[in-house]
Amino acid sequence: MQNFPAYTDTDLQSELSTLNLGPTHPATHGVFQNVLQLDGERIVSGVSTIGYIHRAFEKIAEHRPFYQITPLTDRLNYCSAPINNMGWHMTVEKLLGIQTPKRVDYMRIIIMELSRIADHIVCNGVLGVDTGAFTGFLYMMEHREAIYEIYEEVCGSRLTTNVGRIGGFERNFNDIAFAKTRKFLETFPKALTEFQNLFNRNRIFVDRTKGVAAVTAEDALSYSWSGPILRATGVDYDVRAMNPYCSYEDFDFEVPVGTTGDVYDRFLVRNEEMWQSLRIIEQALTKIDKEDKNIFHADVPEYYLPPKEEVYNNMEALIYHFKIVMGEVKTPVGEVYHSVEGANGELGFYLVNDGGRSPYRLHFRRPSFINYQMYAPMSRGMLLSDAIINMSSLNVIAGELDA
Amino acid sequence: MGKITNEELLQKVTAQFGGNVTNVSEPYGLLTVETSREQIIDVLSWLKADEQLQFIYLTDITAIHYPEEQGREIGVIYHVHSLVNNIRIRIKVFLAEGDVNIPTASAVWNGANWMERETYDFFGVNFTGHPDLRRILNVDDMTVYPMRKEFPLEDPNRVDKKDYFFGR
């Protein structure tokens, strides 16, 4: 905090006023409150109050079997729920020592990168809205819809997806899902190019964002930032590249970094990440063609629910079904930390297991929660309108903030 | 894998702190050590400042409750990451339930501030020297620490789920 100088009395231009920004202010895009002391339009100090939608997920998780925790993770970052789901499955698989087949990994990568794009579409679109340009948001929403349609083909739901199971997927991708993904790969680059043309060299947008809320790499690291906003400061920390999980090591992609860490750089980094995600999906589609079409889960009958028709006709399947549902499967005692690159940064799962049917302790390392804590100190001395776009560019998702 | 292996890291840590670092294990490849609350800030700042190790990134602070373990009921768990060497370390400090004081790490990393507030909020760990140790996700007038094991998932006093409402 020594990095952000306090506002002194001599700087004051007028009488202080207090502004409650939130909890339900339209510009916060979520339920969180900042009590700001304003000197005219300049922020003197701010206090963040969070926890408005705290739902005690960590406590609930201690009372649920592993496979029932997936829907809880949906509700962390609900703009990119599949990444959370996959992160959770991979954490449990790491604990149980399950090796997933390559095809499952590639399927997961397709769905995770699609959701990364969906998340970045929302964040960058909303940044446009907050700077006064609604067009980009509306224009890009159509393509988020296309992504949600792919989710629907894969798992049946759109927002809180609950996609995948421990060991793989609940069902195979159908042909429509692949067709829609291919179509998305064709149509989206055009839209993204146009979106960048609208903003990247737009005088109004650049004037509003360049140099605003610039953060140095030292500050960002000291505040444990992660994700696109850390990379915008020039630190190339990406979990996908640094600690590859889910066969990311098989893919060619770049980790885009910025230089100044301001709002404009964060915007550019997110746009570039969407291009990289498209690259990854394209490679995944090529790789998946070479794999056996019928594999969509690992061969782990102790943990993966058997198909329903087998349960009624096959003794073994019935036993496994019973054991899984009743939570009578032995799980190894141990503790595991697994992190994935969520759309907002390092999403970590710290799981302590005592061998029972539910975790002894589960902690989510939520990037939004940790990224957001610099917001109040960094807002000091900033114009209110700049603080608003700073908040949009941090992409704080209330569900992930409060857990 | 990183440029430093767990063995090298452990050697360096034990060379520096000797008997103050105990209970070494390596669950799922992540070096885990235990230290005391007198040593924790020294360990963390040494890890951060050491020229070779450079554990500059604090990943997470959280806690865990073991009600059966007499005198070591509350464990505070730090995950620290060296981005330069790409290696992580997990450090644990166990505290007695009646004496849950531990010095704050927020002077080492600014990011520790909210992580410690969250840990205080849910486990009641008192981080001494913390600039602003208030509850963060729960309401301010809450009197319990809800992630402790004795705290039930649902409020035992609630009446809307009583059997007589359902004719049972």
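Predicted model: local features only at pLDDT ≥ 70, side-chain atom pairs only at ≥ 80, totals over all residues.
Author: Before an annotation is read, one definition is required: annotations in UniProt may be inferred rather than shown by experiment, and feature names are shortened.

Reader: Which feature does UniProt place at residues 130–402 of chain A?

Author: The unreviewed UniProt entry gives "domain: NADH-quinone oxidoreductase subunit D" for that span. In the model, helix makes up 51% of residues 130–402 of chain A and strand 8%.

Reader: What does the domain assignment of chain A give?

Author: The assignment gives domain 1, residues 9–49, and domain 2, residues 57–402. Their centres, taken over C-alpha atoms, are separated by 31 Å.

Reader: How many residues of domain 1 of chain A are in contact with domain 2 of chain A?

Author: There are 15 such residues in domain 1, and they meet 19 residues of domain 2. On the domain 1 side, the elements giving two or more residues are strand S2 (33–39) and strand S3 (42–49) of chain A. S3(A) gives the most, with six residues. By class, this side of domain 1 has six nonpolar, seven polar and two charged residues.

Reader: Which residues in H5(A) and H6(A) meet?

Author: H5(A) brings residues including Tyr139(A), Met140(A), His143(A), Ile147(A) and Ile150(A). Among those in H6(A) are Phe184(A), Phe188(A), Ala191(A), Phe195(A) and Leu198(A). The residues of this contact comprise 14 nonpolar, four polar and three charged.

Reader: How many residues of chain A are in contact with chain B?

Author: In chain A, 30 residues are in contact with 25 residues of chain B. The elements of chain A that each supply at least two residues to its side include helix H1 (57–61), helix H8 (217–222), strand S5 (346–353) and helix H14 (367–372).

Reader: Which element of chain A supplies the largest share of the side that touches chain B?

Author: S4(A) does, with four residues. This strand covers residues 334–341 of chain A.

Definitions and conventions:
Residues numbered from 1 in each chain as written. Chains lettered and ligands numbered in written order. Contact = placed C-beta atoms within 7 Å. Nonpolar A, V, L, I, M, F, W, Y, C, P; charged D, E, K, R; others polar. Domains from an automatic or database assignment.
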